[in-house]
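Subject: Structure handover

Hello,

Here is the structure for your work. My notes on it follow below.

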Amino acid sequence: MAKATFRIWRGERGRGAFCEYDTEVAPGMVVLDAVHQIQAEQAGDLAVRWNCKAGRCGSCSAEINGMPKLMCMTRLNALALDRPVTIEPMKAFPHVKDLVTDLAWNYAVKRRIPPFQPRKPDAPDGTWRIAQADVDRVQEFRKCIECYLCQDVCHVLREHHLHEQFMGPRFLVYTAALEMHPLDVDDRLAPLKKEFGVGLCNITKCCTKVCPESIAITDNAIIPLKERVVDRFFDPLTKLFRIFGHSET
Amino acid sequence: MSEYIPHEHDVLVIGAGGAGLRAAVEASAAGVKVAVITKSLLGKAHTVMAEGGVAAALGNVDDRDNWRVHFADTMRGGQYVNNWRMAELHAREAPARVRELEAWGALFDRTGDGRILQRNFGGHRYPRLAHVGDRTGLEMIRTLQDHGIHLGLDVFMEHTILRLLKDGDRIAGAFGYDRERGRFHLFRAKAVVLATGGIGRAYKITSNSWEYTGDGHALAYHAGASLMDMEFVQFHPTGMIWPPSVRGILVTEGVRGEGGVLRNRLGERFLFHDIPPLYVNQTAASEEEGWRYTQGDKNAKRPPELLTRDHVARCIRREVREGRGSPHGGVFLDIAWIKEKLPNAAEHIRKKLPSMYHQFKQLADIDITAEPMEVGPTTHYMMGGVRVDADSQMSDVPGLFAAGECAAGLHGANRLGGNSLSDLLVFGQRAGEYAARFARECPLPGVDAREVEAAERRALAPFGRSSSENPYSVQHRSQEVMQELVGIVRTEREMVEALERLRELHAAAERAGVDGNREYNNGWHTALDLDNLLAVSEMVARAALERKESRGAHFREDYPSKDEQCGKWNLVVRKGAGGEMEFTRVPIPPLRDELAAILREMQ
């Protein structure tokens, strides 16, 4: 059986170095299989986060040869095995150990987003009537598995560290899902503009490229939100109307 | 010793899948202080992998459906050893629990008139599964998670419980560690809800995530609670089998619900050759009739591909054993063939089964709209678990509740697809409600410091035994034993051998050592999981040995038929005075007249 070399980042809280491991590879293997094999045979205390190993839970995010990916969905035959495969933790979040990062910030951001608020039920039995066409758009956003690869690759977070001012692509998608939810009656445009910093995104589409669920993050979520914010707060006509006391659109 | 971080709550929920989150939401709404403990991050629990849908007799697609039909289907699927009161509550309450999710933001697929769409599934007489494509579990867990985070729950992510604590007979809390730092935590609580899911990781080939190490089962057992039905392990008929690294990953029953068919190497629809007597009246007479059923023809009967999972899994195994399998030792599951019937079939498949399309394309280089998949059985679900009161979900330890997969009763000898997601909603809600009520009525119990110290010493022991036994290797060996010797088809000789090998592995686990420190040390975590894995493995093997008949998911080669006498009891296990596993046959109480009449009527 063939062998391949894996350069895995080992260390704690930001300090560390690459360690090289040789391990046997078999047809169909994914990167997470190799990491597990190394863990079981050579490095018992290697820290890696994973759950389903089927691309559903979004736990095993890492940077493979510099590309943000799910380890469980990255086949070895898609990588050049004649040189070492590099595996590193995500960079936009505080490092914990080896391949594991601290994702608490993401959970804190989500809690700050005003929650779903449905309109009154349509039918006397307390249910709603919704057309499939109105569901489709939001269902795309609700495919998100919260792997946070989009957050990892977003330069506003990764390079500029604006975690306090910007919610990141994942939560723009989440907010878009709420704003476009056929039943939701709340309005999140003011916080989107202010504390969630939708304006900081300059549409480089890096997030869309890495999404393992192929959500059109930029085109379908972020740009429509930006447009809504612009229409509300920056459109000169709307501004004029507001000055003269007319109700907002 | 004994350096730990203390916490105090009214209700402690262990597990943050659907059942745990639903219980936490309910308890929190009742106004008590609630903690949720989860081994992984919030929103990653195994519920996220549920695909096909949630069963509830909404009657949106076929108005002949109602709770009575759902009740009868569940009992038939469970081969009548279910806790019938749970089956009744489940069928009656599932519709309200599903509608409630919609009020919390879930977006199910719709019917033409804008209501929740329902699909066909194995063992359900009418289209009953509310769904979101093939990612229903994700929709459910995200809805519960996003609703729950605004309710003031204390969520402890990546924390693992090692032991339940008691004050006399009643529950007093739990002791565990956090994965990130390896610090110990003492959770004092008035009531504890176990919602830890199943035991799939006891087997080598499984659709379950790493967390499924039978924690709740083992914790309850060691706390003195009774467990039940441990012989009933469901093997889902269709898991991926090729390439080897994806072996076991689930292929949803939804594929068959949408018209997918199973064929052997000779191209035969082999399930037509073997239809069990209980289902003869409900099964299509021809391939054509089966197809019409999947397309919503109310006068057609369902194709045999939608028979119960236990039966389909055994038929697949037989085809393979008798040399009619696919190249990699499974059978063919073909959805691509519907292009003969439907225009735009490829697009239809991608729309209805997006995750399946993606999964096969990415992991196996197979385009399911153009070619058949290769599939075979995979360990999927544990029917057995903590024995609970049907209404309150309390175990026989006061203050200890269980809901979802780690509780027993609803599914009897075999679970119907879609009944797990409804199970965790209905009984998660009930466990939360009754745990909160229990907590409100009693003071905070005391904790025995010696019990805590003993648990801590045991947890740290692997660090003192560097490089003796590799915990990963013990885990793999134990998974092989269960896979080989206590799998789909069982026999006394093999199970006796399994128990012998498990005994050796237990000794090996006592020698398992780990390197490194306590910070996010997967080797240490694996070593600590071994106790639970081995305990549930032994319980399954012993229970399976004890039930000398074949029923539902439990099939004995040496007792291949159903024995009417054995249908009158459930097998209950608890920890004996000397620490041994004590089994008793507990008679099933006679059905209430009203329910008995339903079963007669729906035969």
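**Second largest cavity**

In chain A, α4 (149–153) and α6 (169–179) each supply at least two residues of the lining of the second largest cavity. Helices here are DSSP runs of H or I with at least four residues, strands are runs of E with at least two, and both are numbered from the N terminus. The volume of the second largest cavity is about 120 Å³. Among the 15 residues that line this cavity, C144(A), C147(A), C150(A), C211(A) and I215(A) are the closest to its centre. By class the lining has 12 nonpolar, no polar and three charged residues; Ala, Val, Leu, Ile, Met, Phe, Trp, Tyr, Cys and Pro count as nonpolar, Asp, Glu, Lys and Arg as charged, and the others, Gly among them, as polar.

**Conventions**

The model is predicted, and local features need pLDDT of at least 70, side-chain atom pairs count only at pLDDT 80 or more, while totals for chains, interfaces and linings use all residues. Residues are numbered from 1 along each chain as its sequence is written, chains are lettered from A and ligands numbered from 1 in the order in which they are written, and side-chain values use heavy atoms, with hydrogens and water left out.

Cavities and pockets come from a 1 Å grid over the protein atoms alone: a cavity is a set of points where a 1.4 Å probe fits but cannot get out, a pocket is an open set with protein on both sides within 12 Å along at least five of seven lines, and lining residues have an atom within 4 Å of a point. Grid points are joined across faces, edges and corners, and a volume is the space filled by probe spheres set on the points.

The rule gives seven cavities of 30 Å³ or more. The largest cavity has a volume of about 680 Å³, and of its 50 lining residues H46(B), T47(B), G197(B), Y212(B) and E405(B) are the closest to its centre. Elements of chain B that each supply at least two residues of this lining include α1 (18–29), β7 (159–167) and α11 (419–440). The lining divides into 18 nonpolar, 23 polar and nine charged residues.

The largest pocket holds about 1200 Å³ of space. It is lined by 46 residues, of which D33(A), H36(A), K53(A), R201(B) and H476(B) are the closest to its centre. The largest share of that lining, six residues, comes from α1(A). By class the pocket lining has 17 nonpolar, 17 polar and 12 charged residues.

**Interface of chain B and chain A**

64 residues of chain B are in contact with 60 residues of chain A (heavy atoms within 4.5 Å). The area buried between the chains is about 5100 Å², with 50% given by carbon and sulfur atoms; buried area is the accessible area (1.4 Å probe) that two parts lose on being put together, summed over both. In chain B, K44(B), L107(B) and Y520(B) lose the most area to chain A, together 13% of what that side buries.

Nine salt bridges are found across this interface (a side-chain nitrogen of Lys or Arg within 4 Å of a carboxyl oxygen of Asp or Glu). D365(B) forms a salt bridge with R75(A), and their closest N and O atoms are 3.4 Å apart. On the side of chain B that touches chain A, α10(B) gives the most, with seven residues.

Regards
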